[in-house]
Each structure stands twice: as C-alpha cells, then as structure tokens.
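Good morning, and thank you for making time for this presentation. May I ask you to keep the sequence and the coordinates in view while I speak?

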Amino acid sequence: MTKIDAKIPDGNLAEKWTKFKSSVPLVNPSNKRSLEIIVVGSGLAGASAAASLAELGYKVKVFCFQDSPRRAHSIAAQGGINAAKNYQNDGDSVYRLFYDTIKGGDYRAREANVHRLAEVSGSIIDQCVAQGVPFAREYGGLLSNRSFGGTQVQRTFYAAGQTGQQLLLGAYSALQRQVGMGNVELFTRHEMLDVVTIDGKARGIIARDSVSGALERHFGHAVLLCTGGYGNVFYLSTNAMGSNVTAAWKAHKKGAFFANPCYTQIHPTCIPVSGDHQSKLTLMSESLRNDGRIWVPKKENDTRKANEIPEEERDYYLERRYPAFGNLVPRDIASRAAKERCDAGFGVGSSKMAVYLDYAAAIIRYGKGEANKHNMHSPTDEEIQSMGKAVVKEKYGNLFDMYKQITGEDPYEVPMRIYPAVHYTMGGLWVDYNLMTTVPGLYALGEANFSDHGANRLGASALMQGLADGYFVIPYTIGAYLAAEIRTPSMSTDSEDFVKAEKAVQDRLETLMNIKGSKPVDYFHKRLGKIMWDECGMARSEKGLKASIKEIQALQKEFWSDVKIPGEINNLNPELEKAGRVADFLELGELMCIDALDRNESCGGHFRLEYQTEDGEALRDDDKYAYVAAWEYEKQSSFKLHKEELKYENIKIAQRSYK
Amino acid sequence: MEGNLNLTLKIWRQKNTQTAGKFETYQVSGISTDMSFLEMIDVLNNRLIEEGDDPVAFDHDCREGICGMCSMYINGRPHGPNRGVTTCQLHMRSFKDGETITVEPWRASAFPVIKDLVVNRSAFDRIIAAGGFISVNTGNAQDANNLPINKDNADDAFAAAACIGCGACVAACKNASAMLFTSAKISQLALLPQGQIEAATRAQAMVAQMDEEGFGACSNTGACEAECPKGISIENIARMNREYFSATFSSK
C-alpha cells in the first residue's frame with residue numbers, strides 16, 4: 001500500500017522553503033540535457049512549468065487538446081492575481097496573505113504549501129511584468145491594485161477583466177520562445193489517455209492525436225499533469241467545454257490518490273441559466289463586488305422592476321449579515337447567502353433564481369468623484385451619470401459588454417441578475433510538498449492538485465497558484481526526484497509496459513465506438529450534472545448523497561450500454577473525445593459523493609445540511625475532520641480512504657467569521 | 001422546443017484536408033433567441049447523431065469570447081453579422097425566423113481545413129515562436145514597480161495584447177494577410193520599455209515567419225479591423241511597418 005507522506009521540510013514555517021531550496025539536490029546542466037519531462041496541459045501551470053524547465057535545460061514535451069497552447073482555460077480568468085507586494089501600504093505581508101488563504105480555505109489547507117505560495121507571490125508579478133504583461137497602471141506609471149473577497153487589503157493585480165488572458169499569453173510567449181529554440185516539442189490537438197508506469201514510476205503517457213485518431217507513446221523521466229479542474233462534472237459550469245478530468249482520473253486509476261474531491265467552488269456571480277439549451281455558464285468577475293452592491297427585494301415574490309423598488313424596500317443581505325466584509329465575503333459564503341434568499345422566495349427575474357448586482361450607487365459615487373476632479377461644483381444628474389458610467393466602463397467595460405451580449409439587457413441602466421454557478425475545484429490529485437503525487441515521478445500542478453486552497457479558494461488566488469507552481473516551485477522540487485534519475489537512459493516506447501498501456505487505451509476506444517446505443521453523450525452528461533448539482537452542489541445531505549451514489553452507478557451502466565457515438569475512430573471525432581471524458585466524469589462523480597458523505601461536517605464549499613450553526617453558517621468539526629481525505633482507487637466503485645492529518649502550528653484554528 | 005425560430009442552414013462539410021468539401025443544407029426549428037450560435041449548432045448536431053449522421057465538426061471551447069477557438073464564417077463574415085463578438089457570443093436574437101444562414105470555415109491557404117469548419121491555425125503559434133516574446137528567463141526579473149510605464153502606453157499595449165488569435169482578420173482579408181495578428185504582438189511589445197532591446201530582431205523575425213507561412217500582403221481595405229471581435233486597431237499595422245522598416249535600415 002502506498003504510504004502518505006507530505007514530505008514537509010522541518011523548521012519554522014517561514015524558513016522551510018528557503019532551507020528547502022538551499023538543500024534540495026541539483027541536477028547539473030549537462031545531465032539536464034538528457035532528462036526528458038512531459039507536461040500535459042498548457043494553462044498557467046503547464047505553460048509556466050514547461051517554459052521554466054526548458055530554460056533550465058531539460059528536454060520538454062507539451063501536450064494540449066486545444067489547437068494552440070494559448071487557448072487553455074486559464075485564458076478566461078477575469079479578475080486578477082494576488083500578490084503580497086504591499087504596494088498600497090495597507091498592511092499586507094506574506095504572513096497576511098498566508099493567513100487569509102488558510103482562513104479563506106476554512107482551515108482545510110496545508111500550512112507549509114500555502115506559506116510557500118504567499119512567499120513566491122511577489123516574484124510572479126515581477127516575472128510577468130518583465131515578460132511584457134500589460135497590467136493596469138496608475139497615472140504615475142506604477143501598478144494598480146484592487147480588492148477581492150475574503151481580504152481587507154488591496155493586493156490584486158489585474159489587466160481589466162482579462163487578467164488570465166494576459167498572464168497566459170505571457171506564459172505562452174515564454175513557452176513559444178522555447179519551442180522556437182527547439183527546447184520544447186509541442187503536441188497540440190493531442191489528448192492524454194493514460195499514464196505509463198514502469199516498476200512503479202511514471203515513465204510516459206499514451207496520447208491520441210485528435211486529427212488522425214492515432215495513438216502515440218511518449219517517454220518521460222517525469223510526467224507533469226497541469227490539466228486543470230473537474231467542474232464540468234456538473235455539466236453546466238463556467239469551465240470551457242473541453243475542460244475535463246480525464247488525465248487526472250487516468251492517473252488516479254494508476255495509483256495517484258485523489259484528494260478532497262467534494263471541495264468544489266460555486267461562484268456567486270454568474271449569469272443565470274436561461275433555458276435547457278444552455279451549454280455553459282458565464283462568470284461575472286468577483287471584482288464587480290468591489291463596486292457593485294448585491295440585493296433582493298425585502299418583500300417576498302416582489303414582481304416590480306428593479307428600478308421601481310425604493311431604497312428602503314431593498315435588502316442588501318450581504319451588508320446586513322456580514323458588516324465587516326459586506327459584499328466582499330468569500331465565494332462560498334456569498335453563494336450560500338444568495339441561495340438562501342432565493343429558496344426563501346425573494347429571488348428576482350423570471351426564474352426567481354437570481355439576485356441583483358447593482359451599479360447605480362457606484363456610478364453616482366464615481367460621477368461625483370470625477371466632477372470634483374474637474375472642479376465642477378454643481379454638476380447635473382446627467383453629467384454625474386455620464387461621467388460615472390465612463391469610469392465604470394474603464395474598469396469593467398468588457399464584463400458589462402459580455403453581460404449585455406448574453407442577456408440582451410444593458411447593465412449600465414438596470415441591475416445585473418446573477419446566480420451562483422460551479423466555477424473551480426479545490427480538490428484534485430493529492431501531492432506532497434514537492435507537488436509529486438503518490439506515483440513516483442508523476443506530478444500535479446495548478447488546479448489539478450489539491451494543496452493550497454483548502455475547502456474554499458479566495459478570488460484571484462488560482463492564477464497565483466498556477467503560476468507559483470509552474471514558475472517557482474516545480475523547477476526546484478523536481479530536482480529532488482530527477483537528481484536520482486541521471487543514470488536512467490531514455491527508454492524505448494516499444495517495451496511491454498508501453499505496448500500494454502496503448503492496447504488498453506485502444507480497447508476502450510473500440511468498446512465505446514461499438515456500443516452503438518441510442519443516446520448522444522450529452523444526454524448522459526446532463527443527467528449526471530443534474531444529480532451532482534442537486535445533491536452534491538451548494539447543499540448536501542446524507543440521504544441525498546446515498547441516493548445519488550446509487551443513481552450514478554445506474555447511470556454508468558446505462559452509459560456503457562446505450563451511448564451512441566457517430567463518426568470514425570481514426571478521424572477527428574469530437575463525440576468520441578467527449579464520450580471518454582464523460583465516462584470518467586461518471587466515475588469521479590461517484591467518488592465526489594462518497595467523499596461528501598464521509599465528511600460529516602460543513603467547511604468552505606462543502607455544506608452538509610445536517611451541520612450548520614443556528615444562523616446557517618458552516619459548522620466544522622475540527623476534532624474529527626481536520627484531515628485531507630486522499631482516496632485510493634481499488635476497483636470500479638471501490639475507493640479506500642487515507643487521511644493526511646492537518647497540523648496547524650502557526651495559525652490558531654478558529655470559527656471563520658466575516659461578521 | 002424552446003423557441004420559435006425556424007432556420008435553413010447551409011453548412012460546409014469536408015471529411016479531411018485531402019478530400020474536397022461541399023455545402024449541405026439542414027433545417028432546424030424551435031430555436032430560442034436566447035441560444036448562442038454554437039448552442040444552435042449543438043441542437044443540430046444532437047439531432048444528426050440521433051439520426052445516425054456525422055455531426056458538424058467545429059472548434060469551440062470557452063464559449064465566453066476569450067479563448068479564440070471558435071471560427072465560423074457566417075453569411076460571408078467572420079464570426080457573423082455583429083461587430084465586436086466571437087461566434088460563441090453571437091446570439092440567435094440576431095437572426096430572423098425563416099432566414100437562411102451560410103456557415104463556412106476560415107478560408108486561407110495558410111489555414112488548411114482539417115474537417116468541416118475546423119481549420120489548422122498552427123501558423124500563428126509559429127509566428128509567435130519566431131519572436132513574439134521578451135527573452136527573460138524565469139527568475140531574472142527586477143521588482144515590478146522599479147519600471148514605471150506611462151499609463152497611455154500601458155493602455156495601448158493592453159489594447160493590442162487583447163488579440164485572441166482567432167484568425168478572423170485572416171479570414172476577412174481578401175489577401176488572407178496575417179498582418180493584424182502579427183502587428184498586434186509586435187505593437188504590444190514595442191510600446192513597452194521591456195520590449196525595446198529585441199524590437200528590431202523581433203519585427204524582422206516575425207514578419208519573415210508570417211511570409212513563410214504563406215499569408216498574403218496587406219490589402220489596405222481595413223476589413224481585418226472591421227471584423228476583429230476584439231477591436232484590434234489597424235494602427236498596429238502602421239506601427240509594425242515602422243518597426244520593420246527601421247529594423248531593416250539599421251540592420252548590420
């Protein structure tokens with residue numbers, strides 16, 4: 001049985017990483033040239049890792065399912081990236097970012113990893129600026145900051161509402177530079193369909209060329225999975241259509257433990273569902289909560305238009321319940337509060353499953369500020385409105401445009417309607433301090449791992465973690481493993497292990513094609529999504545979870561006997577790709593419910609109806625559940641629980657309060 | 001059925017790069033005006049699957065207008081009739097009941113068709129690999145605020161950097177020129193002090209790669225700017241030309 005050892009370095013928390021870096025084994029430059037590393041996924045974590053490792057001299061191969069590495073879903077991140085720079089002189093520090101992240105994660109993250117994340121956060125901003133990432137700036141030419149949920153300082157760096165795009169393009173350009181120099185070999189439109197292990201170590205992958213349908217074997221001394229999260233298990237989410245769990249799930253079935261799968265983040269501000277045709281949900285950045293105010297009518301089932309409801313009849317429920325953080329409470333709390341109001345009958349819009357995000361007050365505030373700036377002593381209301389709208393447009397213009405495009409309503413004139421949607425998954429492959437999974441030589445970076453966000457991630461921290469892992473963590477920690485691999489020559493992919501792995505992948509693809517059932521893949525995906533959203537979404541219960549596990553098992557059987565996949569196996573076949581992914585989601589969904597059922601407490605994004613305080617807040621049980629649940633795959637529908645105890649030596653564990 | 005739009009679709013079908021393609025006509029009904037264009041294609045595809053036909057292959061991923069993957073040429077225009085949106089953000093409220101809609105892939109010899117509406121845009125990756133970067137290895141950077149940058153330049157650099165690499169500019173251009181795409185990256189880096197050191201080699205290398213890929217010369221019609229879903233300005237092409245010529249004149 002695999003032993004779970006987080007390999008956290010000894011010493012004081014603040015010195016662990018420095019000491020580790022000074023003592024980790026190194027690989028000399030000539031040996032690096034003969035060591036091969038496979039990177040799967042080209043988002044922030046994958047692109048930054050691949051570029052940085054190639055710069056160091058390793059031979060790198062990068063795989064992505066999209067047609068270009070620049071399209072990985074990190075591109076869609078909107079609001080910003082945190083860093084403990086304290087440029088605003090408002091009391092930020094490495095410790096405070098560390099503390100906010102642990103608290104925001106509801107005391108379910110690993111202290112040493114989070115502290116390291118906070119330590120390297122500043123270097124990320126430096127690196128990105130040096131690459132030419134055009135962050136927002138003030139008139140003096142220095143970088144601008146804004147606030148995100150769960151913090152009381154301004155530490156978020158941003159590029160309008162397109163921060164993820166700009167950061168990814170920075171990492172992508174660094175990656176393409178290495179491609180141009182011949183240090184990285186790029187495989188686009190390739191999907192990893194299995195990890196190859198030899199004598200217990202990860203030694204390569206089986207990938208399918210989506211265009212020709214051909215299976216390929218690739219060797220690596222180490223394999224890095226930078227393959228993102230699994231939010232699409234819910235069918236509707238803010239993830240891209242292609243985002244999937246397949247790489248991580250294949251690794252899981254080859255021995256990598258899957259940690260805290262039930263920790264999913266439901267983002268409070270998304271555009272509500274408009275009908276059954278809906279294929280995905282669109283996020284409205286958390287940055288909008290800097291200036292927007294969230295409310296519902298005080299009267300139940302109020303059918304008046306938003307603008308007809310007078311101020312005194314509006315319930316700014318976040319400001320009412322959480323005066324210290326107001327509209328900037330963390331995501332899990334804001335989402336539950338929205339659900340609570342809508343379930344109680346105070347929701348708005350035709351579906352009544354929405355709340356208002358209102359910019360009227362911000363427009364007036366900014367308009368008056370502009371008037372002062374321009375020495376206008378008695379501006380008219382129209383002047384205030386138009387100047388205020390101009391400021392809002394500069395800060396959030398692309399988001400407002402997107403809202404208008406999708407809903408057909410103008411958010412400068414009427415409040416936006418928003419509702420929570422699945423956005424991010426804190427759970428993922430279990431990794432130790434070195435980001436290595438329980439399979440030697442197999443690593444997981446970025447959203448694909450579990451380590452830094454506990455049971456709830458703070459806004460603007462995903463970009464930070466992805467780039468921290470890729471630029472500043474893996475280049476050091478991978479030495480601990482590869483230093484012992486310098487005598488391992490490149491292996492032939494004609495070995496029995498590779499051939500067997502490829503054959504298994506081929507058999508599975510043929511099995512899928514040969515089912516020739518009656519229902520398209522989407523039919524099964526939608527049904528799985530509904531089960532997950534209803535019973536493993538914002539509120540979970542023992543009864544619901546037990547029933548869901550049975551339902552999902554039945555759905556798995558139905559899928560494997562009735563799915564209908566058109567087209568050919570040896571040609572571009574998006575339905576075949578989707579089928580493989582949904583088959584994996586069907587197994588993951590089951591494990592998520594098992595994990596949620598095991599955790600008899602509420603924490604962060606995991607809310608069990610049986611465990612709540614009198615005023616509806618999450619009720620943790622630190623005596624019994626201060627552990628990482630790391631699941632080992634045994635066989636179909638059978639998973640074994642391993643526990644990594646979480647030790648809080650530097651932070652006093654307390655009830656999380658934002659009141 | 002969720003809505004009441006009934007449409008005729010003429011869609012380009014092509015098995016692979018080697019085979020010739022042709023238009024096929026399909027009827028769809030009950031389309032909701034709240035659907036995106038791609039969701040309308042989803043409806044068609046699920047029907048084709050149930051009827052035992054091969055669904056229409058098309059590129060798409062984020063469906064929120066930022067990844068640059070979707071690429072349909074709709075009624076003779078890249079990303080359809082509306083300005084400033086990608087196909088995934090084009091909604092069916094922009095179409096009328098009974099309309100016939102023609103859907104083609106990007107047409108350019110540098111973007112060969114892979115299947116149906118899917119084309120190969122890897123030429124763009126190679127143009128970036130030729131010089132669309134600042135050569136700074138991880139760990140070399142100074143403190144970010146040690147390099148103040150004039151806000152107007154930073155804003156202009158951001159506006160150029162907003163390019164999503166979808167290729168609509170190439171599809172719109174009668175010469176299939178990639179100058180808007182290439183110039184956006186050259187401009188972004190030319191506007192920033194970090195980008196100055198390599199400015200000359202960058203302009204020359206990226207333009208050379210662009211030519212080698214088989215993209216045509218600028219048509220000077222401005223179609224690229226008009227059809228760009230992100231509003232990338234044609235001024236970038238002028239800046240690229242300045243950068244390129246000054247690099248050529250000063251080269252050793």
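This is a predicted model: local features need pLDDT of at least 70, side-chain atom pairs count only at pLDDT 80 or more; totals for chains, interfaces and linings use all residues.

For chain B the mean pLDDT is 96, with 99% of the residues at 70 or more.

I turn to chain B. Its secondary structure consists of eight helices and seven strands. The C-alpha trace of chain B spans about 65 × 40 × 35 Å when taken along its principal axes. Of the 252 residues in chain B, 53% are buried. Considering contacts in chain B between residues at least 6 apart in sequence, 72% of them join residues at least 24 apart.

The domain assignment for chain B gives domain 1, covering 5-115, and domain 2, covering 121-250. Taken over C-alpha atoms, the centres of domain 1 and domain 2 of chain B are separated by 29 Å. Across this boundary, 18 residues of domain 1 of chain B are in contact with 17 residues of domain 2 of chain B. On the domain 1 side of that contact in chain B, the classes are nine nonpolar, seven polar and two charged residues.

Next, the contact between the chains. How many residues does the contact take from chain B and from chain A? There are 69 residues from chain B and 64 residues from chain A. On the side of chain B that touches chain A, the elements giving two or more residues are α1 (37-50), β6 (113-115), α2 (122-131), α3 (151-161) and α5 (179-190) of chain B. By class, the residues on this side of chain B comprise 31 nonpolar, 21 polar and 17 charged.

I now move to chain A and its domains. Chain A is divided into domain 1, residues 267-421, and domain 2, residues 494-645. Between the C-alpha centres of domain 1 and domain 2 of chain A the distance is 35 Å. Six residues from domain 1 of chain A and five residues from domain 2 of chain A make up their contact. Which helix gives the most to the domain 1 side of this contact in chain A? That is helix α9 of chain A, residues 331-343, with five residues. The domain 1 side of this contact in chain A has four charged residues, one polar and one nonpolar.

A helix pair in chain A comes next. Helix α3 (residues 44-56) of chain A and helix α6 (residues 163-180) of chain A have axes that come within 8 Å and cross at roughly 35°. The crossing of α3(A) and α6(A) is left-handed. From α3(A), the contact draws on Leu44(A), Ala47(A), Ser48(A), Ala50(A), Ala51(A), Ala54(A) and Glu55(A). From α6(A), it draws on Leu167(A), Leu168(A), Ala171(A), Tyr172(A), Ala174(A), Leu175(A) and Gln178(A). By class, the contact of α3(A) with α6(A) holds 11 nonpolar residues, two polar and one charged.

Two backbone angles in chain A also deserve mention. In general, most residues other than glycine have a negative phi. Asp106(A) has a positive phi near 55°, and so does Asn375(A), with phi near 55°. Asp106(A) sits in the loop between α4 (94-104) and α5 (111-131) of chain A, whereas Asn375(A) is in the loop between α10 (360-373) and α11 (381-407) of chain A. Are these residues buried or exposed? Asp106(A) counts as buried because it has 27 C-beta neighbours inside 10 Å, where the cut-off for burial is 20 or more. Asn375(A) has 6 such neighbours inside 10 Å and therefore counts as exposed, the limit there being 12 or fewer.

Asn434(A) is partly exposed, because 19 other C-beta atoms lie within 10 Å. Apart from neighbours within four places in sequence, Asn434(A) is in contact with Lys7(A), Thr477(A) and Ala480(A). Between Asn434(A) and Ile552(A) there are 35 Å in space, C-alpha to C-alpha, and the two are 118 residues apart in sequence.

That concludes the presentation.

Conventions
Residues are numbered from 1 along each chain as its sequence is written. Chains are lettered from A and ligands numbered from 1 in the order in which they are written. Two residues are in contact if their C-beta atoms, placed from the backbone, lie within 7 Å. Helices (H or I, at least four residues) and strands (E, at least two) are DSSP runs, numbered from the N terminus. Ala, Val, Leu, Ile, Met, Phe, Trp, Tyr, Cys and Pro count as nonpolar, Asp, Glu, Lys and Arg as charged, and the others, Gly among them, as polar. Axes are lines fitted to C-alpha atoms, for helices over the stretch in contact, and angles run from 0 to 180 degrees between N-to-C directions. A crossing is left-handed if the near helix is turned anticlockwise from the far one by less than a right angle, and right-handed if clockwise. pLDDT is the predictor's confidence in each residue, from 0 to 100. Domain bounds come from an automatic or database domain assignment.
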